[in-house]
Every structure is written in C-alpha cells, then in structure tokens.
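Q: I am new to this structure and would be grateful for a close look at a single part of it, followed by an account of how that part sits within the whole.

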Protein chains: 2
Amino acid sequence: MTTATATGWATLGLRKSVRLVEVGLRDGLQAVPEPLRTEDKVELVRLLIAAGLTEIEAVSFAHPKVLPQLADAAEVMAAVPRTNGVRYRGLAPNLKGVQRAVECGLDEVVVVISADEEVSRRNQRRGTAELVAELPEIARIVSSAGARLVVAVACSFFAPARGPVPRSEREFVVDAAVDAGADGIYLACTSGQEHPGEVFAGVTDTLDRHPGLDLGVHLHNRNGFAPANALAAVAAGATWLEGSFAGLGGDLWFPGDPTVLGNAPMEDLVHLFDSLGITTGVDLTAYLQVVKRAVELTGIPSTSFVTRGGSRADLATASWPD
Amino acid sequence: MTTATATGWATLGLRKSVRLVEVGLRDGLQAVPEPLRTEDKVELVRLLIAAGLTEIEAVSFAHPKVLPQLADAAEVMAAVPRTNGVRYRGLAPNLKGVQRAVECGLDEVVVVISADEEVSRRNQRRGTAELVAELPEIARIVSSAGARLVVAVACSFFAPARGPVPRSEREFVVDAAVDAGADGIYLACTSGQEHPGEVFAGVTDTLDRHPGLDLGVHLHNRNGFAPANALAAVAAGATWLEGSFAGLGGDLWFPGDPTVLGNAPMEDLVHLFDSLGITTGVDLTAYLQVVKRAVELTGIPSTSFVTRGGSRADLATASWPD
C-alpha cells in the first residue's frame, strides 16, 4: 500500500524525484574507531545496491595513518560488483589521492575544499586558495581517466568556532570548481548546525550563478534539521542529497560522540521522500537491511527515527491492540 | 552574538514571529508513568514563564483513574502564578471537564475531537459526530466564563491502523468548531507520522475555508519530520505551534516507549526559529533549564537534538582544541 499523500510534493513545489548518494562507507565509517574488514564493506555495498542505491561513495584515499579505517580502498574497489548503472565514488584529499582514485577505476572522484579557511587548514593542513589552485590539474587527471569530478564545498554555510560563512567564500570555491570543469558540485552542511533558510539561499544563489549545474547537498544532522534542510535543498533546485546508513558519521576536528554530529540518516531521508511521494529509487525495507547490518558490524546504534518509530506504512497497516 | 542568517526567514517566505504553546505539563506528563508532585509541576510552570512562555497547557480534566498523573488539576491551577500576559490552558475531555476547567479559572479550554472515528472511539469512547454535537454547549459554558475555547482536531492528517485521513473528515470537525465559535483551532499531528506536504496542504485548506482563523499545529515527532512540519505549518499561515519540554509525550492507545512518539521537543523548535531569525519570545538558554529540571523530575532523557549537540551559538563560539 502507499501512504503517500497525493498532494505531498505538489504542495511544497518539489520535483517528483531526487537522487540519493550514499556516503556511509566513507564519511560514516571514518568516524568508527575500529576498521571494518574489506569483505564486510563489500557486503554493505551489495546490500546498498540491492536496496536501489546507484551512487555510492565507497572509499577514501586519505593517508592510512590518518584514516586507517579506510586504508583498504584499492581492495574494496577490486572486490565490489561493477553492476551496470552503479557509480562508485572515492574521496581524494590531494593530487596523489586523485591519481590513486582513477587507477582504482572509480567512476567519480570527490575533492573536498572548505569555504572556511580555518577549517581547511585544520582539516586538510592547507588553505582554501591553495586547494583551489590545484583544481585544473585534478580535473585534467580525472577527465583523462574518463571519470567524473565532484567538488565538495565543505562549510558552505556555517563553520565551527565562527558561525555563518559569507556567501562570497562559498562562491569562490564554487566558481573555481565550475571553471575547472567539475561535473558536479555539492554544498556541505559540514557543521550539522545549518538551517533550511541558508540551505535554500545557498542552493538558489549557486544555481542563479551557474544555471544547469548538477548540484547536491551533503547533510549532517547535529541539530535535527536535516529533513527540513533536505526539502529546502530540493525546493531550491538541488538534484541530489547525501546521507549515511544509520546516520553514521563524525567530526574529525571537533571530536565527540560519533552519533552527535552524524550524517543525515539515509533511512530517514528515504522515509521522508516516500512519505511525500517523491521517487528516490531506494526501497526502504531493503535499505533497513543495510542499516541492520551496519549496526551489527560497527556496534553503533542508528540515530534514525524510522528504525525506532517505524515507517508511515508500518503505522498505517498496524493492528489495534485487542 | 546572533548566529541567525539574515536571509533565513525571508528566503523561506516565513513570518518574522511565531507563537509557541507549551504542552509538556499535559501531553508530556500524561505519558510519564509516575505522577509528579503538584509543587514540581508549579516549579516547571515558573521556569517556563521565566523562559518566556506565555501560553501554557498546564492541566487536564481527564478522569483521575484514566490519568492519575494529571489528577491534581485544581491544585496546580490554585498554585501557579497568575502573571500578567500568561495564558493557562486546560484540556477537558467532556462537558463535566469543561465545567471543572472554567471553575478552576483557566484562560483557555481545549476540547479534543478526532477527525478519525476509530481513534475517537478508542481514545474517548465516543464517536466524532457525538463529540461535535456537544460543541455549541461547550462554547456557551466557556464563553460565559470569559475563557477562550480551543478545539483540537486530533488525527487531522494521519491515523494509526488506517493511513491518511480524508480532508473531508478534518473539515467536518474544523467547520463545526468554527460554527460553534471556537476562538482557536489546532490541527494535531497525532500519529507522529505526518509529513510537511500534508501539513502545508491542511493548514492552507483550513485557512482558505476560514480566513483569519487563529490556527495552530500540534506536533508529534515519531518520524523526525517535526521541524520540517513546523516550517510547513508556518509557511502555510499557522499562527502557533505546540511542543513539549524534552520531547516528552506518548501515545495512549498505541503504547510503547514514551520517547518514540514524543511531542516535538520545544527546545528544538526554539533552536530552529532562533537559527532562522524568527522571533518566538522564548529564550533558549532559559528554556534549557526547564528541560534539565523536567528530566530530573521524570527520569526520562530529552529526545531533543540541542540538548546533545548544542546550539548554533554554542558551536559558533566554541574554541578550537589546542
């Protein structure tokens, strides 16, 4: 049965579909202290594909000493099924990482550049302008390998120990990424304290400057506003959203409980769009198997609501107690 | 410091202010197995007023055998400060309760009528039409006492064991309430599985039928969409929202963990509107004292995000670790 209200997406002025990009294997697992085995990661990838995910950030090429959890990038990529229509993404922190990424046969390489200078220096040990200057060379390498380049604009809206990030700083990175020929750009809600007003404004501004840009929003959820931010992003024209199974995720430079600053739980995003009648291609019931397995493997409970309170369909089909 | 983005409310087309109605002492405490002492409730009321709340649902006149947690309604009302500008609300389940409510000097009497017939019978042991038929007499009693009548339309959008509630069933109750002369009406997200599309549509429809109506939305949060629903409600023209300290709340006819189907945590609503630069009159820091005390008294942790991840202002003013 469907429990979507026919007027859902229409009344909010939303599109009928949105793409969901899974970042649990990278942004999620990098927050989990104990590395998972390569075969466990591959199992999660298989479950993700079975649930309908077609864009999967599977690996990172960060230095193994920095992120031992993700040291097996090449092994993961050698083992995952190269199913038709599934696009694998890897994060590359620098030129060397980009080279490794294309050698591993990634379909998509993500380069992260923080709009906030301080976060860039603390998180990547290099300034924003320095990272931006490398974009043309990165674009050449990625393009030569027949892969897609995605530029992630970290701290697009808000930065820790600072507050709102001026629009001009975000635009500096976005414009450079467009100039370098990025195939996609996403604005990241890195701090988890972003609100839907600034997400809406940021996506609108970006698309006004660069009409037709394939623009995503990467959601964290320190404040619980991620579902609202997701809708604001889609309403403003973003074409994809990023989340993680079980809401897994953390914060490298602001350490704490990894469940506090998690990524947006993907299962809640799927549930949100299901409720609204917006197509994602992801099956919630099958996705909950990913979540179940991820929780077993990591030992970290999901931060999502749907894993606790059930789905709209569950409640609609529940029986009254006698 | 302010961490609101200037463009927050404007970009979402929202008003500059919204009223927040506290229901923790009623809808929250009725889900807590162990009754609080009258003096503890009065302390919570004082803390609420100190935080800037001016509309407080403090008591219920349900039968003491059904809700022993709320049996001390008269004692609570005799003890709370009758501060200028603070409006006390009490819930009355029937004519007798309405009479008791006005005798206690309530400023506002709430009568709940479920749009969904099955929920009405299970929760109130009477059908929707039967409850609606009493509205004119209730309105006369409340009006004669100089109080305000608020009609709560339970299951305005979605009902357990059923799914979406047809618009005509909600309109039947809303129209009857308007005809009876209700001073305010709220649409209740009773199941906690409501989505922002239907909230937006429901508020819009109601105001189209009854322009100028003082219309609120009562938020539960089984699915985590409460902040999105809050914004959808305000965007559609609702003038007030209802939440509970610590997200306290439960479900009388669908029992389970009282933290699963909680009311929307008021502290997250305050944080949301603070972030957007929308005025509520409530001070977040002071409100967190209400939450702290409520958690001490009930032993039930808050379900809110801001109590775990801190506020936007906290993160903006945090210091980098050395």
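A: The model is a predicted one. Most residues other than glycine have a negative phi.

Cys155(A) belongs to a loop of chain A, the one between β5 (148–154) and β6 (158–159). Cys155(A) counts as buried because it has 28 C-beta neighbours inside 10 Å.

Glu169(B) lies in helix α9 of chain B. It is partly exposed, with 18 other C-beta atoms within 10 Å. When its neighbours within four places in sequence are left aside, Glu169(B) is in contact with Ala115(B) and Asp116(B). Between Glu169(B) and His195(B) there are 26 residues of separation along the chain, and their C-alpha atoms are 18 Å apart. Asn123(B) is placed in helix α6 (residues 117–124) of chain B. Asn123(B) also counts as partly exposed, having 19 C-beta neighbours inside 10 Å. From Asn123(B) to Pro164(B) the distance is 18 Å, C-alpha to C-alpha, and the separation in sequence is 41 residues.

The packing of helices comes next. Two packed helices are described by the angle between their axes and the distance between the axes. In chain B, helix α8 (residues 135–144) and helix α9 (residues 167–180) have axes that come within 9 Å and cross at roughly 40°. α8(B) is therefore oblique to α9(B). Their crossing is right-handed. On the α8(B) side the residues are Leu135(B), Pro136(B) and Ala139(B), which meet Ala176(B), Ala177(B) and Ala180(B) of α9(B). This contact consists of six nonpolar residues, with no polar and no charged ones.

A second pair in chain B is formed by helix α10 (residues 196–209) and helix α11 (residues 226–236), whose axes come within 8 Å and cross at roughly 25°. α10(B) is therefore roughly parallel to α11(B). The crossing of α10(B) past α11(B) is right-handed. From α10(B) the contact draws on Pro196(B), Val199(B), Phe200(B), Val203(B) and Thr204(B), and from α11(B) on Ala228(B), Asn229(B), Ala232(B), Ala233(B), Ala235(B) and Ala236(B). Nine of these residues are nonpolar and two are polar, while none is charged.

In chain A, helix α5 (residues 95–103) packs with helix α8 (residues 135–144) at an angle of about 10°, and the axes are 10 Å apart. α5(A) is therefore roughly parallel to α8(A). Here Leu95(A), Val98(A), Gln99(A) and Val102(A) of α5(A) meet Glu137(A), Ile138(A), Ile141(A) and Val142(A) of α8(A). By class this contact has six nonpolar residues, one polar and one charged.

The account may now turn to how the chains come together. Contact between them involves 46 residues of chain A and 46 residues of chain B. On the side of chain A that touches chain B, at least two residues each are supplied by α1 (8–11), β7 (163–164), α10 (196–209), α11 (226–236), α12 (266–276), α14 (306–309) and α15 (312–317). That side of chain A has 22 nonpolar, 17 polar and seven charged residues.

Two copies of a chain are related by a rotation about an axis and a shift along it.

Note on methods. Residues are numbered from 1 along each chain as its sequence is written. Chains are lettered from A and ligands numbered from 1 in the order in which they are written. This is a predicted model: local features need pLDDT of at least 70, side-chain atom pairs count only at pLDDT 80 or more; totals for chains, interfaces and linings use all residues. Two residues are in contact if their C-beta atoms, placed from the backbone, lie within 7 Å. Helices (H or I, at least four residues) and strands (E, at least two) are DSSP runs, numbered from the N terminus. Ala, Val, Leu, Ile, Met, Phe, Trp, Tyr, Cys and Pro count as nonpolar, Asp, Glu, Lys and Arg as charged, and the others, Gly among them, as polar. Axes are lines fitted to C-alpha atoms, for helices over the stretch in contact, and angles run from 0 to 180 degrees between N-to-C directions. Angles under 35 degrees count as roughly parallel, over 145 as roughly antiparallel, 65 to 115 as roughly perpendicular and the rest as oblique. A crossing is left-handed if the near helix is turned anticlockwise from the far one by less than a right angle, and right-handed if clockwise. A residue is buried if 20 or more other C-beta atoms lie within 10 Å of its own, exposed if 12 or fewer, and partly exposed in between; C-beta atoms are placed from the backbone.
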